[in-house]
Amino acid sequence: MDQIDPVLLDEAALDRLRDLDPDGLHGVLLRVMRAFEGALAAMLVQLENSSGPARVQMLAEVTHKLRSSAASVGALALGRCCVEIEQQQRTHPGQDIDEHVRRLITEGKRALQAVRAMLQA
């Protein structure tokens with residue numbers, strides 16, 4: 001992952017999470033980001049290991065799950081990627097699956113790197 005440029009997370013989305021716990025006593029932002037990090041990492045492994053007809057279903061599940069959660073933590077490029085893949089699969093089911101998977105994995109790794117950088121700061 002060292003070759004992937006870090007993606008900045010959307011500050012407005014992060015501010016909305018901070019607003020849920022203004023004094024930071026409950027650690028909402030960190031808990032949400034850690035949960036997203038773990039879920040995203042697991043989904044990327046599942047996606048990378050999928051093949052055949054199961055890959056189509058896995059792609060649909062992952063894009064559906066990530067679409068809103070990525071946006072809520074500020075990983076806007078990943079969220080947009082999910083929306084675009086879902087739209088393309090609705091209009092052309094089963095086409096370009098391997099390309100969609102590669103694209104989602106790339107965006108997912110970029111988002112994961114950004115989240116991990118934020119958690120380490």
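Good morning, colleagues. The structure is a predicted model, in which local features need pLDDT of at least 70 and side-chain atom pairs count only at pLDDT 80 or more, while totals for chains, interfaces and linings use all residues. Residues are numbered from 1 along each chain as its sequence is written, and side-chain values use heavy atoms, with hydrogens and water left out.

Let me begin with helix 2. Helices here are DSSP runs of H or I with at least four residues, numbered from the N terminus. Helix 2 covers residues 28-49, and its 22 residues should span 32 Å at 1.5 Å a residue; the end C-alpha atoms are 32 Å apart, which agrees. The expected span is 1.5 Å times one less than the number of residues.

Which residues of helix 2 are buried? They are Val 28, Leu 29, Met 33, Phe 36, Glu 37, Leu 40, Met 43, Leu 44 and Leu 47. Seen down the axis of helix 2, these buried residues fall within an arc of 155 degrees, so they line one face of the helix. Buried means under 20% relative accessible area, exposed means over 50%, and partly exposed lies in between, with a 1.4 Å probe and protein chains only. The arc is that of the directions from the helix axis to the C-beta atoms. On the face turned away from the buried side, helix 2 carries the exposed residues Arg 31, Ala 35 and Asn 49. The buried residues of helix 2 pack against helix 1 (11-19), helix 3 (52-72), helix 4 and helix 5 (97-120). Contact, throughout this talk, means heavy atoms within 4.5 Å.

Helix 1 comes next. Its buried residues are Ala 13, Leu 14 and Leu 17. They cover an arc of only 100 degrees around the axis, which puts them on the same side of helix 1. Arg 16 and Asp 19 are exposed on the face of helix 1 turned away from that buried side. The partners of the buried residues of helix 1 are helix 2, helix 3 and helix 5.

I turn now to helix 4, residues 76-91. Its 16 residues should span 22 Å at 1.5 Å a residue, and its end C-alpha atoms are 23 Å apart, which agrees. Buried in helix 4 are Leu 78, Gly 79, Cys 81, Cys 82, Ile 85, Glu 86 and Gln 89. Seen down the axis of helix 4, they fall within an arc of 160 degrees, so they line one face of the helix. They pack against helix 2, helix 3 and helix 5.

How do these helices cross helix 5? The axes of helix 2 and helix 5 come within 10 Å and cross at roughly 150 degrees. That makes helix 2 roughly antiparallel to helix 5. The residues making this contact include Leu 29, Met 33, Phe 36 and Leu 40 of helix 2, and Val 101, Leu 104, Gly 108 and Leu 112 of helix 5. Axes are lines fitted to C-alpha atoms, for helices over the stretch in contact, with angles running from 0 to 180 degrees between N-to-C directions. Angles under 35 degrees count as roughly parallel, over 145 as roughly antiparallel, 65 to 115 as roughly perpendicular, and the rest as oblique.

The axes of helix 4 and helix 5 come within 9 Å and cross at roughly 165 degrees. Helix 4 and helix 5 are therefore roughly antiparallel to each other. Among the residues that meet there are Cys 81, Cys 82 and Ile 85 in helix 4, and His 100, Leu 104 and Ala 111 in helix 5.

For helix 3 and helix 5, the axes come within 10 Å and cross at roughly 40 degrees. That makes helix 3 oblique to helix 5. Here Arg 55, Val 56, Leu 59, Val 62 and Thr 63 in helix 3 meet Ile 97, Asp 98, His 100, Val 101 and Leu 104 in helix 5.

Finally, some single residues. Asp 96 lies in the loop between helix 4 and helix 5 and is exposed, with a relative accessible area of 51%. Asp 96 has a positive phi of about 55 degrees although it is not a glycine. Gln 95 belongs to the loop between helix 4 and helix 5 and is partly exposed, at 43% relative accessible area. Leaving aside its neighbours within four places in sequence, Gln 95 is in contact with Gln 89 and His 100.

Definitions and conventions:
Helices (H or I, at least four residues) and strands (E, at least two) are DSSP runs, numbered from the N terminus.
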